[in-house]
Amino acid sequence: MTTTWSPSTWTDHPAKQQPEWPDQAALDTAFTELGSRPPLIFAGEARNLTADLARVCRGEAFLLQAGDCAESFDVGTADAIRDKLKVILQMAAVLQYSGGVPVVKVGRIAGQFGKPRSSGTETIDGVELPSFRGHIVNDFPFDEISRVPDPMRLVRAYEQSASTLNLLRAFTRGGYADLRQVHEWNQEFIASSPIGQRYEELADGIERALRFMASTGIDLDTAAMRQVDLYTSHEALILEYEQALTRTDSITGDWYDCSAHMLWIGERTRDVDGAHMEFFAGVHNPLGCKIGPTVDPDELLAICDKLNPDRIAGRLTLITRMGADVIQERLPKLLLAARDAGHPVVWVCDPMHGNTFSTEDGTKTRHFDAILREVSGFFAAHRESGTWPGGIHVELTGDDVTECLGGGDSLQATDLGSRYETMCDPRLNGRQSIDLAFEAAELLRPGSIS
Ligand code: PEP
Ligand code: CO
């Protein structure tokens with residue numbers, strides 16, 4: 001960050017993956033409108049997340065970052081939000097009880113609306129239209145009107161984020177996330193499966209432990225028991241949106257991007273001299289950056305120097321997404337480079353984005369086994385390097401969808417058509433998510449050999 005940084009200096013740098021807004025006046029109106037709206041999060045909450053992530057950095061906690069690939073303006077119902085929260089709470093309970101470490105919970109939620117694309121346009125039957133870039137930009141159907149970038153969608157994204165966050169705050173503060181509700185989070189379609197049964201047994205164990213603690217006179221009716229911190233995060237892609245929600249904190253005078261607690265920079269926009277890096281170097285939120293298979297130690301250190309020059313623990317989370325076949329070969333040298341340079345890093349494994357492929361009929365999917373193999377390779381690389389495998393970053397939904405292959409009920413390519421609902425990448429369904437949590441918890445157990 002230079003001394004002249006301001007929320008608009010990113011405009012002097014090349015910005016990848018930005019829509020071509022057809023109407024500048026409409027964009028200006030949306031930008032001004034967003035600038036007048038209240039922040040979605042407070043700077044103090046972002047600082048609390050940095051402190052929680054510093055614990056992860058020191059090897060004292062584990063990060064679970066999870067949610068949709070792309071949230072939809074059409075699926076913001078209370079049930080959908082609640083069911084996603086349930087799966088995240090279940091996974092956290094599994095990781096915490098079986099893995100034996102506190103779990104920091106961050107949703108890909110309440111703002112995950114922008115999508116980077118491999119091509120700016122999409123062609124079907126000879127018709128070429130702008131690609132779908134997420135509901136914050138345009139609409140999914142393949143027709144001319146839907147695909148025009150509409151700046152009023154920036155305001156709608158803010159509004160849906162606000163209503164989602166409002167409900168999440170009510171659920172996580174109002175008793176729904178109380179550990180004594182651990183059985184209630186198990187939805188019927190999960191509970192009826194073998195992995196759901198395994199979860200029931202774990203929940204029985206938690207209940208017994210709580211009863212035992214209560215019998216010794218420990219007061220369980222405390223905020224720590226009743227409430228949960230669920231932080232929000234999204235890929236900070238559309239820079240006008242992020243800029244408009246960036247405010248100075250009245251306590252410290254520092255800039256915070258108040259669109260979410262944590263923001264991450266994607267694999268396609270992480271150029272060290274690019275606009276996204278420039279913008280995020282100047283805000284004080286905890287940041288993530290995706291690290292794909294081509295990153296070498298020099299580039300890694302340039303990213304660390306740019307985003308975390310003061311080497312603050314918890315400030316920078318590096319989310320590796322290498323692919324199951326290469327992670328064990330490519331990750332260790334990056335782990336050692338950061339360690340030897342004295343850069344505190346929260347290392348997190350995204351086992352989804354390096355393992356996507358298309359079936360014969362062109363359906364985008366991922367196999368549960370490859371996802372698991374990448375997670376195992378991640379843990380193995382950390383054990384080899386003496387560093388802490390800080391967490392997992394996954395795309396999931398609380399629904400019973402059929403988007404990823406394999407898992408407990410061995411979903412086949414022929415099953416994908418029955419409930420394939422994602423607007424972008426394939427997500428784990430509830431059962432596959434709990435399955436992954438049990439597997440990761442095994443790897444986390446002290447003394448486990450990977
Ligand atoms: C994503 O997280 O949805 C994504 C697009 O990931 P990546 O930037 O790693 O490709
Ligand atoms: Co994705």
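User: Why is Arg-58 called exposed?

Analyst: Arg-58 has a relative accessible area of 52%. Exposed means over 50%, buried means under 20%, and partly exposed is in between, with a 1.4 Å probe and protein chains only. So Arg-58 counts as exposed. Please keep in mind that this is a predicted model, where local features need pLDDT of at least 70 and side-chain atom pairs count only at pLDDT 80 or more, while totals for chains, interfaces and linings use all residues. Residues are numbered from 1 along each chain as its sequence is written, chains are lettered from A and ligands numbered from 1 in the order in which they are written, and side-chain values use heavy atoms, with hydrogens and water left out.

User: What makes Arg-58 and Glu-60 a salt bridge?

Analyst: A salt bridge is a side-chain nitrogen of Lys or Arg within 4 Å of a carboxyl oxygen of Asp or Glu. For Arg-58 and Glu-60 the N to O distance is 3.1 Å, and their side chains meet in a salt bridge. Glu-60 has a relative accessible area of 40%, so Glu-60 is partly exposed.

User: How many salt bridges does this rule give?

Analyst: The count comes to 35 salt bridges. One of them joins Asp-221 and Arg-180, with the closest N and O atoms 3.2 Å apart. Asp-221 lies in the loop between α6 (194–215) and α7 (223–226), and Arg-180 in the loop between α4 (152–173) and α5 (188–191), so this pair ties together parts that are 41 residues apart in sequence. Helices (H or I, at least four residues) and strands (E, at least two) are DSSP runs, numbered from the N terminus.

User: Why are Asp-221 and Arg-180 called partly exposed?

Analyst: Asp-221 has a relative accessible area of 47%, so Asp-221 is partly exposed. Arg-180 is at 34% relative accessibility and therefore counts as partly exposed too.

User: How do you know whether Glu-395 and Asp-425 are buried or exposed?

Analyst: Glu-395 has a relative accessible area of 0%, so Glu-395 is buried. Asp-425 is at 7% relative accessibility and therefore counts as buried. Glu-395 and Asp-425 are also linked with Arg-108, Lys-364 and Arg-366 in a network of salt bridges.

User: Why are α1 and α4 called roughly parallel?

Analyst: Helix α1 (residues 24–36) and α4 pack at an angle of about 25 degrees, with their axes 8 Å apart. Axes are lines fitted to C-alpha atoms, for helices over the stretch in contact, and angles run from 0 to 180 degrees between N-to-C directions. Angles under 35 degrees count as roughly parallel, over 145 as roughly antiparallel, 65 to 115 as roughly perpendicular and the rest as oblique. α1 and α4 are therefore roughly parallel to each other.
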